[in-house]
Structure formats: C-alpha cells, structure tokens
Amino acid sequence: MIEERFDAIVVGAGMAGNAAALTMARKGMKVLQLERGEYAGSKNVQGAILYADMLEKLIPEFREDAPLERHLVEQRFWIMDDRSHVGLHYRSEDFNEERANRYTIIRAQFDRWFSSKVREAGATVLCETTVTDLAQDAYGRVIGVRTDRQDGEIHADVVVLAEGVNGLLGTRARLRERPKPNKVALAVKEMHFLPRETIEARFNLSGDEGVVIEAAGTISGGMTGMGFIYANKECISLGIGCLVADFQRTGRTPYELLDHFKRHPSVAPLIEGSEVKEYSAHLIPEGGYKAIPQLYGDGWVVVGDAAQLNNAIHREGSNLAMTSGRIAAEAIFQMKSRRLGMTAENLALYKRMLDRSFVLKDMKKYKDMPRLMHTNSQNFFLTYPQLISKAMQTYLRVDGTPKSEKQKSTLKSFVNARSWIGLFGDAFRFARAWR
Amino acid sequence: MVERSVRVEDKLFCNRYLVDAGRPHIKVRAHTKPSPQLLALLKACPARCYDLNDKGQVEVTVDGCMECGTCRVIGEPTGDIEWSYPRGGYGVLFKFG
Ligand SMILES: Cc1cc2nc3c(=O)[nH]c(=O)nc-3n(C[C@H](O)[C@H](O)[C@H](O)COP(=O)(O)OP(=O)(O)OC[C@H]3O[C@@H](n4cnc5c(N)ncnc54)[C@H](O)[C@@H]3O)c2cc1C
Ligand code: SF4
C-alpha cells in the first residue's frame, strides 16, 4: 500500500488531525493518517473540557455514542493563597439542556472513538507509526513523509501537520521554530478515582451533572501558571501547569508543585481517599497570537497546537484544533476539486478562512495577554492573590474593629505591596490586554 | 516554600510503558561539566529521567519518560541533548490521558 499515492497525509490522530482526516475522507479524498501511539489517544493528555459546538460541526450526532463524562452545569474560579481561596462560582440550571454545551471527557478514550469515525469515513489510519521526516523535493516543496516503518517515502499532494505542540517534523524541516521555554507551559496531571456517589456529594452534583474548577494564585509559587480540578463520572482530573521558562528559572519541580496543590486545604478534601491511576505530563502552547507560525507552504499546512492555536486565557485548545483541522481540510478540498496545485499561493485560502473564523479572532483579541502575564507573574500569581485573600479575611472577621479602619488597612496593604502607580499600571495593562 | 520530597517513581509506577530496550529516544551529549540547561533538566523533567552520575555528569534514563518535550525545549537549542519520539507504538501508553 505504501507504493500508493495519497491525496493527503495527515500526521497525528489528535483533535486537529482527526478533524482534518474525517473532513477530507468524507469528501471522498484518499487520506492516509499516521499516528505514533498504539492507538489514537494513547499519547495525549488533556484536562479535559470538550466544547460541543465545534465537534457538532464535524459529527452532529456525537452525543449518541461518544465517550462523554459529565455535562457542565457549574464553573468555579479560585484565587488561592496558601491557606484559603476566594471563589467565583457560576451555576445555572440552563446548562441542564438536551444538547449540552460543554462536557468533561477522558482524552485517551475520546480520541479512540473519534478515530473510529475517521476510519468509518474511509481514511486509512496507521497507528504505531512515527513519522520521522518530511520528504521535500529539490525546491523545498513537501511531497510526502518518511516513517520508522520502512525505508521508502510515502507521497501525497499535501501533508497536514497535526503533530501537536512539540511539532518535531515542522521544526526539523525548518518550516517553523521550535517552541521556546517562555511560549509553552508544562502541565502535570493525575487521575484520582473515587466512587461516583462520593464525587457527586463532594461537588454537589446529581446524575451526569459536572463541575470544573480553575485555580490561580500562590499555588504556582509566583510562576505563570494555573491549576485545574475537573469532575468526571468516577474520577477527578487534577493538574497544574506553569511556563517551562519559569520551571527553568526557579528550579521548582513539577511533581512537587502538583503535590503542594493537592495538599492545599481547599483541594485535599475533594480528593481524600482517592486512588491515583495515572500520572501524566504534556506541554500547552502559551505564546498566543504573536507566536503563530507560517500556517501553510508548498505542499503543507499546519493545524492545532503545532500551529500554536491555543487560547490559554480561556483554556481552549481542542476546539481550536478541531476547527483549524476542519477548515484546512475544506481549503484543501477546494483546491482538489478545482484541480489547482497544492502550492503555498493556493493554500493561503486556509489562512484566509481561518482569519474569518473565531479561531484567529479570539487569538488576536488576547494578543498582549501572554507577555503581560509572563512579565508580571510575581504580581498576578503571588502578590495579588495574597492581598485579595487578606482583604476578604479582614472583611469577614468580626472583631470589633470599625469597618472604615478595615477598609483603610486593606487599601494600605495593596498600596504598600504595589504602590499606587503599580496598581493603576497593572489595572490599565490588564484592561488593555483584555479588551 | 518548603517542599517535601515526592517520589516520582511511585507516580510513574501506575503508568503503562512499552520500553524499546536498547534504543533510547533521548541522548545527552558527552560532556565533562554540565551546562546550566542540562542542570535545569534535573528538576524540570516531570518524570525525573535526568540524574547526575558519580562524575557529576548529567545522564538520562528514558524508561519513565512521558514524551512531554520539556527537555527538548530547554536542552535541544544548545545542543545538549538529541531528542526524538520513540519508535511507533513504544513509550508511554496513557489509558486516560
Ligand atoms: C493538561 C492539559 C489540559 C488541557 N485542557 C484543555 C481543555 O480543557 N479544553 C481544551 O479544549 N483544550 C485543553 N487543552 C489543550 C488541548 O489538549 C490541545 O489544544 C489539543 O489537544 C490540540 O490538538 P492537536 O490535535 O493539535 O494536538 P494533539 O492532541 O497533541 O495531537 C497530536 C497527535 O500527533 C501525534 N504525533 C505527533 N508527532 C507525531 C509523529 N512524528 N508521527 C506520528 N504521530 C505523531 C501524537 O501522538 C498525537 O496523537 C489542554 C492541554 C493540556 C496539556
Ligand atoms: S520528554 Fe519530558 S518526561 Fe521525557 S525526559 Fe524529557 S522532560 Fe522528561
């Protein structure tokens, strides 16, 4: 079969690769998809929240048989110091709808299911195959791939690079840069198993209702990072991620950071008595809009995390991956059906279509956020959480101190820590990056 | 902040691996004195694959590697390490991910 020529080769069977391969196979294209894992998903790590809308565009009836955990009825955001947390909760009965908007999933299981849909659509899916290099002609045009399975090359009109954040092939072929330590976060995560009833009682849930908690503050020890706790049916995904550059700078170890997070008095009771069945680690693209590389060239396009299409502020990645994969596939199909070559000039259509979608619009909106967070990590992840917690405590303790004095002392603690100029500067910079 | 020592080995113990014996996918360049980047890997690797030998050089044992790429991002630009994925099917096998 390797002698065959394909319309398209897709590298990777993650969210982006599966979306691309599915879309092209459904349109009747001859697609080869290569995945290095034993099965699709066996190398992948995620929180994970699945956004229904983007999957529905690919598989409208996915709720019938996709391995979904819980539909989310509640979102919590915690600002943490070492002993307390200030929380924002949003819970709504409206989320108990027929076609829920967000679900928790278990990535290894979900990807396997997604991959079965790709096979059903007619793509050739080869797992346990690591692509080692891109094959290029004398002009640098991408004409196929080389794998660790055999010596020869496999040829195709176009290669869709859906290889994820690490993006080895694209960087080896000098199509884009290697991710830099200040543009990727390392997340470590554990799966904590508990009886269903225990999870439901601890998180105030019934049936398949779900809740997720995002947490920031002193848990990252002044590094740019966030923690998360997601309730699944019979387990809890719990993890924390910080910029690789911050780990490098501070010498903090990821597993000790995770342990510290688990022992926090607000977190420990949620996982007490659980059995840990997996420990995993993965990078997350955090560079934002400014880190997006060239997205297409002669004979290739790049989609998903490999293209840094990840909205770290909103913790969205897989939906951008699925959407970019689908859009790339649609652009490729247009070339194919109009019998146009897969040249950089023609494939620029992919970028134009992506520009019009939420993917690049959202990325652009937060283009200044990563730098702000990274250069002010001490303030945003250490000083402010401590101040906020202190302010709440002062406010809530009833000890005979007049309220006006409490307010004054709270204000003073903020000004002492950051100065008026610092406070206004931070607020201004934050507002500008957010707007 | 005081950190109690956590045994990574215990954590990795619950993971599934198919080790490609004799074919490590990461290699450390021979050195006499480790660079700051190499030393950073002792701490930054979430599986603690990097360790010092008795000559004070950094060594890698990839058996517990989760293929996250952290050491690649830190150590490849300086040429301190060579990084590839394991052969197809080998390496870590996440059941949940
Ligand atoms: C801890 C964590 C929590 C997250 N939480 C969320 C969340 O809640 N919601 C959300 O939307 N996003 C979340 N994300 C982000 C999301 O996981 C990614 O954005 C998404 O997986 C990107 O999809 P992808 O297809 O581009 O890459 P991946 O899903 O990483 O897929 C890449 C695939 O390519 C394969 N591959 C790579 N190189 C080769 C090669 N050379 N040969 C063969 N195969 C290869 C890999 O094995 C893999 O299967 C989270 C990420 C992490 C790490
Ligand atoms: S890839 Fe990740 S887990 Fe493997 S050795 Fe490098 S840092 Fe450690």
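Visitor: What makes a residue part of the lining of the largest cavity, and which residues lie nearest its centre?
Guide: A lining residue has an atom within 4 Å of a cavity point; such points sit on a 1 Å grid over the protein atoms alone, where a 1.4 Å probe fits but cannot get out. Here 14 residues line the largest cavity, and Cys45(B), Cys65(B), Glu67(B), Cys68(B) and Cys71(B) lie nearest its centre. This is a predicted model: local features need pLDDT of at least 70, side-chain atom pairs need 80 or more, and totals for chains, interfaces and linings use all residues. Residues are numbered from 1 along each chain, and chains are lettered from A and ligands numbered from 1 in the order written.

Visitor: Why is the site of ligand 1 called shared?
Guide: A residue is near a molecule if one of its heavy atoms lies within 4 Å of it. Residues from chains A and B surround ligand 1, so the site is shared between chains. There are 41 residues around the ligand; among the nearest are Glu35(A) and Ile49(A).

Visitor: What makes the approach of Glu35(A) to ligand 1 a polar contact?
Guide: A polar contact is a pair of N or O atoms within 3.5 Å. A polar side-chain atom of Glu35(A) lies 2.6 Å from an oxygen atom of ligand 1. Ile49(A) uses a backbone N or O atom, 2.8 Å from an oxygen atom of ligand 1.

Technical notes. Side-chain values use heavy atoms; hydrogens and water are left out. On a 1 Å grid over the protein atoms alone, a cavity is a set of points where a 1.4 Å probe fits but cannot get out, and a pocket is an open set with protein on both sides within 12 Å along at least five of seven lines; lining residues have an atom within 4 Å of a point. A polar contact is a pair of N or O atoms within 3.5 Å; within protein, one must be able to donate a hydrogen and the other to accept it, and residues adjacent in sequence count only if both atoms are side-chain atoms.
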